[in-house]
Amino acid sequence: MASIERKEHAFVMIKDGQEVGKVNWTVRDDGVLMVDHTFVAESMRGQHAGEQLVERVVDLARESGVKIEPVCPFAEALFKRKKEYEDVWQKD
């Protein structure tokens, strides 16, 4: 089973001591979290690993009362598909 840890402006997925996934964000001047990169190792594809990582950023945004701008193509596609992310989606 994989675990997810927070490191600076990223959530990292660890399985068997190896990093198998990561989602990074930067913080805009207005506090919006810009999800700019999502990576999932080949061994974890098809297991919703990327979705789990983005979900952690969504939870963080909700807890912090900020919005997310999904810049990376994976995160953007996920936001378009998941209506439950509407409350944290910064649409410019």
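Ring pairs join F79, Y85 and W89 into a cluster. Rings of Phe, Tyr and Trp (its six-membered ring) pair if their centres lie within 6.5 Å; planes under 30 degrees apart are stacked, over 60 edge-to-face, the rest tilted. The model is predicted: local features need pLDDT of at least 70, side-chain atom pairs count only at pLDDT 80 or more, and totals for chains, interfaces and linings use all residues. Residues are numbered from 1 along each chain as its sequence is written, and side-chain values use heavy atoms, without hydrogens and water.

The whole structure holds three aromatic pairs. In one, the ring centres of F11 and W25 are 5.3 Å apart with planes at 40°, so this pair is tilted. F11 sits in strand β2 (residues 10-15) and W25 in strand β3 (residues 18-27), 14 residues apart. Both are buried (under 20% relative accessible area; exposed is over 50%, partly exposed in between; 1.4 Å probe, protein chains only). F79 and W89 pair edge-to-face, at 5.7 Å between centres and 70° between planes. F79 belongs to helix α2 (residues 73-81) and W89 to the segment after α2, so the pair ties parts 10 residues apart in sequence. Helices (H or I, at least four residues) and strands (E, at least two) are DSSP runs, numbered from the N terminus.

Now the charges. Eight salt bridges are counted, each a side-chain nitrogen of Lys or Arg within 4 Å of a carboxyl oxygen of Asp or Glu. E51 bridges to K82 at 3.1 Å. E51 lies in helix α1 (residues 49-64) and K82 after α2, so parts 31 residues apart in sequence are tied together. K82 also meets E84 at 3.1 Å.
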